[in-house]
Amino acid sequence: FATGYSFSFPFLGNILPVTENQVDLYKFIFPPHLEKPTLAIIGLLQPLGAIMPLSEMQTRWAARVFKGLEKLPSTGEMLADIKAKKMAMAKRYVRSQRHTIQVDYIDYMDELASQIGVKPNLWLLFLTNPRLAWEVFFGPCTPYQYRLQGPGKWAGAKKAILTQHDRIIKPLRTRPTNKSAEGGLLSSMFKMVGLAVAVFAIVYAFLKARENYIC
């Protein structure tokens, strides 16, 4: 039965023990008991959403921690956060080895982005660029949003966000040809004929039902 995988880290010895897929990792990345934060586990998630953007965000944060640009909280604070996440999962899911590393895509992306300082400031965006703010808030939550500000800021993020719908639609469009106008007219004729047939079928069915009812 395809019920998921069991994971372990035997090559790390006793540094990262795993029991029934239960593992203590701060924000699902950092072992809390290390003397120095020199180890990060990337991609050990079961997200409700795409895993690749989440792994990228994990990597961005881990790289800054390794370089000393970001600091992790104390061991006690990390353990408290781990315990809180486990309790929240226990309330939401049945007890199972499948539900030990569950995350929600947007919530987890925002959580990590806050650690790095790249979570978009929606209030500021609404004041400075309402169209961009609208797209960020109501559009798809793509990784471009986390390149608008802070470390790793990308100059092309704004344009990428505002044009992402175009890139979704473009592959679905047919190629333009010299006969596009003729094809459009033919398509319209087929639509009109189809509509006429549908109307005739509805009227015929109505009259037939009425005739049966009178009889």
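Tutor: **A residue and the rings**

Q115 has a relative accessible area of 29%, so Q115 is partly exposed (buried means under 20% relative accessible area, exposed over 50%, partly exposed in between, with a 1.4 Å probe and protein chains only). This is a predicted model, in which local features need pLDDT of at least 70, side-chain atom pairs count only at pLDDT 80 or more, and totals for chains, interfaces and linings use all residues. Residues are numbered from 1 along each chain as its sequence is written, and side-chain values use heavy atoms, with hydrogens and water left out.

Q115 is part of helix α3 (helices, H or I, of at least four residues and strands, E, of at least two are DSSP runs, numbered from the N terminus). Beyond its neighbours within four places in sequence, Q115 is in contact with Y26, K27, W61 and E70 (contact means heavy atoms within 4.5 Å). From Q115 to L72 the C-alpha to C-alpha distance is 9.5 Å, and the two are 43 residues apart in sequence.

Now the rings. The whole structure holds eight aromatic pairs (rings of Phe, Tyr and Trp, its six-membered ring, pair if their centres lie within 6.5 Å; planes under 30 degrees apart count as stacked, over 60 as edge-to-face and the rest as tilted). F28 and Y108 form an edge-to-face pair, because their ring centres are 6.0 Å apart and their planes at 70 degrees. F28 lies in the segment before β1 (46-48) and Y108 in helix α3 (residues 105-116), so this pair ties together parts 80 residues apart in sequence. Both F28 and Y108 are buried.
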